[in-house]
Amino acid sequence: MFIISTVFIAKTMSASAFQLEDSLRTTAFLQQVGKVELMSYRLGYTLAGENSEKLSGEFLDYNRVLAFRDSVEEEGSSRSSIHYYISEEEKDIQSITSYIDIIRKNDLYIAQQDTGNVDEGNSLIIEANKLGFKPFYKFRRRILTDIKFIIFIGILALFIITFFVLLFFIIIVRSRNARKERQVKEYEDTCREPLSTFLFAYDVAEVKQLTYEEINVLFATNDFKKPLFKDTLIKEIVNLNKNLKGDFKEKLKVIYTTLKLDDHSIRKLKSSNWELQATGTMELYEMNIEKAVPHLEKLLDSKNFVVRSTAVRAYLQLSSKKELSFLSQQNYPLSRWQQMGLYRVLRNTSSTGQIHLKTLLMSDNDSVRVFGVKLVRLLGRMDVIEKLSQMFPTASLEEQYEIIKTFNSLSAHTEIDLVHRSFQSKDIKLATLSAELMGGIGNEISVALLVEKLRTETPFSLEKCMMTSLYKLDEEMMNWVVGHFERPRLELIRKHIQDSLLENV
């Protein structure tokens with residue numbers, strides 16, 4: 001028991017010694033620093049002959065409260081004690097010690113120097129001298145050596161320069177375009193009156209007799225050789241050519257060729273600009289200039305869709321031989337828009353064999369072969385039916401659809417066996433097209449095949465086509481099917497077929 005008491009007393013004395021040491025270190029720091037952020041002090045003292053303790057006013061400097069304590073003790077104060085405050089809240093010495101440790105670890109103080117000789121007015125100057133101030137020239141040198149700041153300034157300067165360059169470029173382009181529009185307007189006014197004179201005051205023979213100089217004089221302009229004037233004149237001639245017929249078109253072509261505007265359009269085909277190539281192609285196409293065919297051949301396989309489309313159309317229109325071998329060798333897909341344009345050119349050509357459609361059917365390009373099958377149907381080429389029958393087994397589904405449609409359009413009775421085989425296909429669309437065709441060219445075998453397939457339920461579109469074809473081939477058999485198979489939908493389809501008001505629905 002004695003040993004335990006001794007150890008306890010020793011630990012207590014040791015803790016007291018540590019607390020005393022911390023307190024002394026704290027007060028020594030406060031004397032050295034003087035002022036600490038958020039801290040204030042008051043002195044509690046008892047005068048001689050009095051028992052109650054008095055509390056002094058607030059001090060922000062620890063050394064001042066010490067000086068006040070000394071003056072109070074000289075006047076006979078029996079006892080005095082310093083009260084510590086943090087943010088105007090009184091704290092004990094342990095809390096003050098912890099706070100001071102935080103202040104010291106983070107260097108959140110400014111050491112006081114010669115507090116006895118420094119007055120309140122000069123203290124600000126002394127504190128300012130403790131700041132790390134550097135002259136302006138050193139600060140500027142630091143900016144110029146900061147690589148990040150230099151990069152930032154460079155990017156900002158580049159942005160500003162680019163902005164002004166683009167702004168200048170936009171202003172130049174807009175002013176140039178505005179000037180060009182004004183010139184085009186002036187050229188249009190210059191061209192319209194002479195063109196009207198040629199169209200209404202001269203006949204075809206008189207226009208043909210005019211020379212280049214005589215036509216040039218009528219336009220009364222010094223800008224005749226400028227490309228912009230020629231482009232404007234060609235545009236006016238082409239627009240008139242689209243809207244006029246007969247002798248007027250012939251007069252316009254004579255003017256176009258006499259003024260050598262066709263050479264100007266051909267030069268556009270040699271340009272690297274696809275817009276100029278497409279424009280020149282359309283001009284030659286509209287004015288029907290046959291001598292441009294050799295130049296158009298170079299554009300038939302152009303990588304640009306617009307140039308390629310217009311060149312193919314113009315080539316077919318202007319070429320004396322409607323040779324389609326170039327089209328069969330095309331590597332690019334043939335769009336529906338191109339197919340429509342080509343058909344407009346080819347439909348006016350005789351269907352007696354001048355257009356070699358078999359060349360298209362042997363192409364390696366799927367879209368070209370499909371277009372060839374469509375042309376057989378659209379041009380009514382009965383002589384190509386046998387070729388379609390030969391290619392049917394190895395053709396793609398899209399080609400087979402078009403072949404069946406072609407057989408239907410041309411009433412190809414010789415291909416009924418092929419139609420029977422395609423009717424057995426698992427592809428619903430192909431079977432439906434075949435069933436529809438069997439209604440026009442079918443026979444007894446067709447009736448048997450239709451009845452056999454109607455035994456099982458199939459999609460409505462296929463059932464309707466089979467019932468319609470069966471009605472055309474053998475109406476009694478259709479009625480027998482409806483009565484024996486006893487499916488309500490078949491009855492409804494029969495009523496629909498037999499209703500004259502719904503014949504084309």
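1. In this predicted model, the side chains of Arg-369 and Glu-399 meet in a salt bridge, with 2.9 Å from N to O. The pair links distant parts of the chain, since Arg-369 belongs to helix α18 (residues 366–379) and Glu-399 to helix α20 (residues 397–410), 30 residues apart. Arg-369 counts as buried at 15% relative accessibility, and Glu-399 is likewise buried, with a relative accessible area of 2%.

2. Salt bridges that share partners also join Glu-457, Glu-463, Arg-487 and Arg-489 into one network. The count of salt bridges in the model comes to 19.

3. A further salt bridge is formed by the side chains of Lys-291 and Asp-262, at 3.0 Å from N to O. This pair, too, links distant parts of the chain: Lys-291 lies in the loop between α12 (274–287) and α13, whereas Asp-262 lies in helix α11 (residues 261–269), 29 residues apart. Lys-291 is partly exposed, at 43% relative accessibility, while Asp-262 is buried, with a relative accessible area of 5%.

4. Within helix α6, Glu-188 and Arg-192 are 4 residues apart, about one turn of the helix, and their side chains meet in a salt bridge of 3.5 Å, N to O. Glu-188 counts as buried because its relative accessible area is 12%, which is under 20%; Arg-192, with a relative accessible area of 37%, is partly exposed.

5. Helix α6 (residues 147–201) also holds Leu-167, which is partly exposed at 39% relative accessibility. Leu-167 is one of the residues of a nonpolar surface patch, whose members include Phe-149, Phe-152, Phe-163, Phe-164 and Ile-171, and which has about 980 Å² of accessible area together.

6. Ile-103, in helix α3 (residues 93–105), is buried, with a relative accessible area of 4%. The C-alpha atoms of Ile-103 and Val-36 are separated by 8.4 Å, although the two residues are 67 residues apart along the chain.

7. Ser-302 is found in the loop between α13 (293–296) and α14 (305–318), where its side chain reaches the backbone nitrogen of Asn-304 at 3.2 Å. Despite this loop position, Ser-302 is buried, with a relative accessible area of 15%.

Note on methods. Residues are numbered from 1 along each chain as its sequence is written. This is a predicted model: local features need pLDDT of at least 70, side-chain atom pairs count only at pLDDT 80 or more; totals for chains, interfaces and linings use all residues. Side-chain values use heavy atoms; hydrogens and water are left out. Helices (H or I, at least four residues) and strands (E, at least two) are DSSP runs, numbered from the N terminus. Buried means under 20% relative accessible area, exposed over 50%, partly exposed in between (1.4 Å probe, protein chains only). A polar contact is a pair of N or O atoms within 3.5 Å; within protein, one must be able to donate a hydrogen and the other to accept it, and residues adjacent in sequence count only if both atoms are side-chain atoms. Patches are made of residues with over 30% relative accessible area and no salt bridge: like charges are joined within 9 Å, nonpolar side chains (Val, Leu, Ile, Met, Phe, Trp, Tyr) within 5 Å. Accessible areas come from the Shrake-Rupley method with a 1.4 Å probe; for residues, only the protein chains shown count as cover. A salt bridge is a side-chain nitrogen of Lys or Arg within 4 Å of a carboxyl oxygen of Asp or Glu.
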